[in-house]
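Work through the exercises below with the sequence and the model side by side, and try each task before reading its solution.

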Amino acid sequence: MAALPVYRWRLAPDGYATRRQLRARGLRPGGQGVAAQLERPRRRRGPLVAYLYRVEDAKPVRPMTPAKWAALAKANAARRTCPQCGADAGYVIPASLGTCVTCAYPDAHHAA
């Protein structure tokens, strides 16, 4: 296997893009392999690496289906539901608490 071309940070030729850059254009790699990589040098550690894909070989992003939208809505609702009291907190419950703020700090809300 041939080695990938390596470019310095911000010096990649036209026609290459990272996954995020492809996504911003409404594209995805579409099964193609990594075509090149960017390296950004850092002090005292190894370089930051970003993988590049060919824009011409990229495919359009698949549209969301109604089933995917429903699954996403269900997952987001589960992140807002308190496991202790079962109420919809109206916000994503922090993993550090594990419950809504009212259940995590019951004394603070009764004193006010």
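The model is predicted, so local features need pLDDT of at least 70 and side-chain atom pairs count only at pLDDT 80 or more, while totals for chains, interfaces and linings use all residues. Residues are numbered from 1 along each chain as its sequence is written, and side-chain values use heavy atoms, with hydrogens and water left out.

**Exercise 1.** Determine which residues make up the largest nonpolar core.

Solution. A nonpolar core is a set of buried Ala, Val, Leu, Ile, Met, Phe, Trp, Tyr and Cys residues joined through side-chain atoms within 4.5 Å, where buried means under 20% relative accessible area, exposed over 50%, and partly exposed in between (1.4 Å probe, protein chains only). The largest such core has 6 residues, namely A17, L22, L27, Y53, V55 and A58. Next, take L22: with neighbours within four places in sequence left aside, L22 is in contact (heavy atoms within 4.5 Å) with A17, L27, R28, P29, Y53, V55 and A58.

**Exercise 2.** Find the aromatic pair and explain why the pair is tilted.

Solution. Rings of Phe, Tyr and Trp (its six-membered ring) pair if their centres lie within 6.5 Å, and planes under 30 degrees apart count as stacked, over 60 as edge-to-face and the rest as tilted. By this rule there is 1 aromatic pair. Its rings belong to Y7 and Y16, with centres 6.1 Å apart and planes at 45°, and the pair is therefore tilted.

**Exercise 3.** Is Q32 buried or exposed, and which residues is Q32 in contact with?

Solution. Q32 has a relative accessible area of 17% and is therefore buried. Leaving aside neighbours within four places in sequence, the contacts of Q32 are Y53, R54, D57 and A58.
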